[in-house]
Amino acid sequence: METKVTSYKHCDVVKVSGRVDSATAPQFSESLQNITDQGRFKIILDFSSLDFISSAGLRVLINTQKTCKRYNRGEVVLTNLPPNIYAALDLSGFTTLFQIFDDVLTAVGNF
Amino acid sequence: MKTITLPGRYENLVKISEFIRQAAQDAGLDSFAVYSVETAVDEACSNIIEHAYGGEGHGDIECSCSVEAAGLVIRLRDHGKPFKPQNIHAPDIHAPLKKRPSHGLGIYIMRKWMDDVRFEFSPETGNLVTMIKHLERKP
């Protein structure tokens, strides 16, 4: 798994590629925590190159969403979901907890 | 029947996934069915490492695949702690964010995405998870 963070004035875009499983979820969590530790809570996750996510990755998503939404200071939104990844999120009831955008540009415009 | 045995470490999940993906593709499953089997097996193996063995490096996971009358049959064996599947409750996937638990999705995903999931526990042969994915019969 790799993450690449691009910081904008109002939000951060994190492009996640490869596999998020129990082996790599701690690293995924750390890269998101680096952002929230800076007091930045508007995060766009670009999943266009994400091949696989397990419940360990879903756990990171939900914990980060809880952190970001606290005090209405921000939120995590998702973009570019491959169909398999969308299916995993939908099965787990995550599609109601996250705004989903077709592309990064629209998501950036939302913040 | 094809089998691999690997030490129960998270870094080996990717190897088990590759093995499963190949077996599921060879069985003729479509790409979403392959993904769902891969996910179910990943969840089962993560649970074995985390819960049965109580962490990494405490024992092996034996993973075998075969195409049988019931479909693609995957068997995962470990020699860790047994558990009571009936004590694992399905997570509330409709709960609001604040009340949404961050654990408990693994077995739920396994049960949803496989056609059959069975757990057996034996003091002699260890713990066995059997998961079946039906194959679509071509007309």
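Which hand does the crossing of H1(B) and H2(B) have, left or right? I began with this point and noted that the model is a predicted one. The crossing of these two helices, H1(B) and H2(B), is right-handed.

**Entry 1: the helix pair of chain B.** I recalled that two packed helices are described by the angle between their axes and the distance between the axes. For H1(B) and H2(B) I looked up both: the angle is about 145°, and the axes are 9 Å apart. I then listed the residues that meet. From H1(B) they include B:Leu13, B:Ile16 and B:Ile20, and from H2(B) they include B:Val34, B:Val37 and B:Val41. Sorted by class, this contact has 9 nonpolar, 3 polar and 3 charged residues.

**Entry 2: the sheet of chain B.** I traced 5 strands of chain B, which form an open sheet in the order S1-S2-S3-S5-S4 with antiparallel pairing. Strand S1 (2-7) and strand S4 (116-122) of chain B are the edge strands, each pairing on one side only. Direction ignored, neighbouring strands of this sheet are turned by 15° against each other on average. I also followed one pair in detail: strand S3 (residues 71-78) and strand S5 (residues 126-133) of chain B run antiparallel and are joined by 7 bridges. Within this pair, B:Arg77 stands opposite B:Leu128 in S5(B). H2(B) packs on the sheet, where it touches strand S2 (60-68), S3 and S5 of chain B. The direction of H2(B) makes about 15° with that of S3(B).

**Entry 3: the contact between the chains.** I found 20 residues of chain B in contact with 21 residues of chain A. On the side of chain B that touches chain A, helix H1 (13-26), helix H2 (31-52) and helix H3 (105-113) of chain B each supply at least two residues. H2(B) gives the most to this side, with 6 residues. The residues of this side of chain B divide into 9 nonpolar, 6 polar and 5 charged.

Entry 4: Which residues does B:Ala40 contact, leaving aside its neighbours within four places in sequence? B:Ala40 is in contact with B:Ile109, B:Met110, B:Trp113, B:Met114 and B:Met131.

**Entry 5: a strand of chain A.** I turned to strand S3 (residues 42-53) of chain A. Of its 12 residues, 9 are buried, so this strand is largely enclosed by the rest of the structure. Strand S2 (residues 12-20) of chain A runs parallel to S3(A), and 8 bridges join the two. A:Val13 has A:Ile44 as its bridge partner in S3(A).

**Entry 6: two positive phi values.** I recalled that most residues other than glycine have a negative phi. A:Asn72 has a positive phi, near 55°. A:Asn72 is placed in the loop between helix H2 (55-69) and strand S4 (75-79) of chain A. Is A:Asn72 buried or exposed? A:Asn72 is exposed, because 8 other C-beta atoms lie within 10 Å and the cut-off for exposed is 12 or fewer. Phi of A:Asn80 is also positive, near 55°. A:Asn80 lies in the loop between S4 and helix H3 (83-91) of chain A. With 19 C-beta neighbours inside 10 Å, A:Asn80 counts as partly exposed, since a buried residue needs 20 or more.

Note on methods. Residues are numbered from 1 along each chain as its sequence is written. Chains are lettered from A and ligands numbered from 1 in the order in which they are written. This is a predicted model: local features need pLDDT of at least 70, side-chain atom pairs count only at pLDDT 80 or more; totals for chains, interfaces and linings use all residues. Two residues are in contact if their C-beta atoms, placed from the backbone, lie within 7 Å. Helices (H or I, at least four residues) and strands (E, at least two) are DSSP runs, numbered from the N terminus. Ala, Val, Leu, Ile, Met, Phe, Trp, Tyr, Cys and Pro count as nonpolar, Asp, Glu, Lys and Arg as charged, and the others, Gly among them, as polar. Two strands pair if DSSP finds at least two bridges between them. Axes are lines fitted to C-alpha atoms, for helices over the stretch in contact, and angles run from 0 to 180 degrees between N-to-C directions. A crossing is left-handed if the near helix is turned anticlockwise from the far one by less than a right angle, and right-handed if clockwise.
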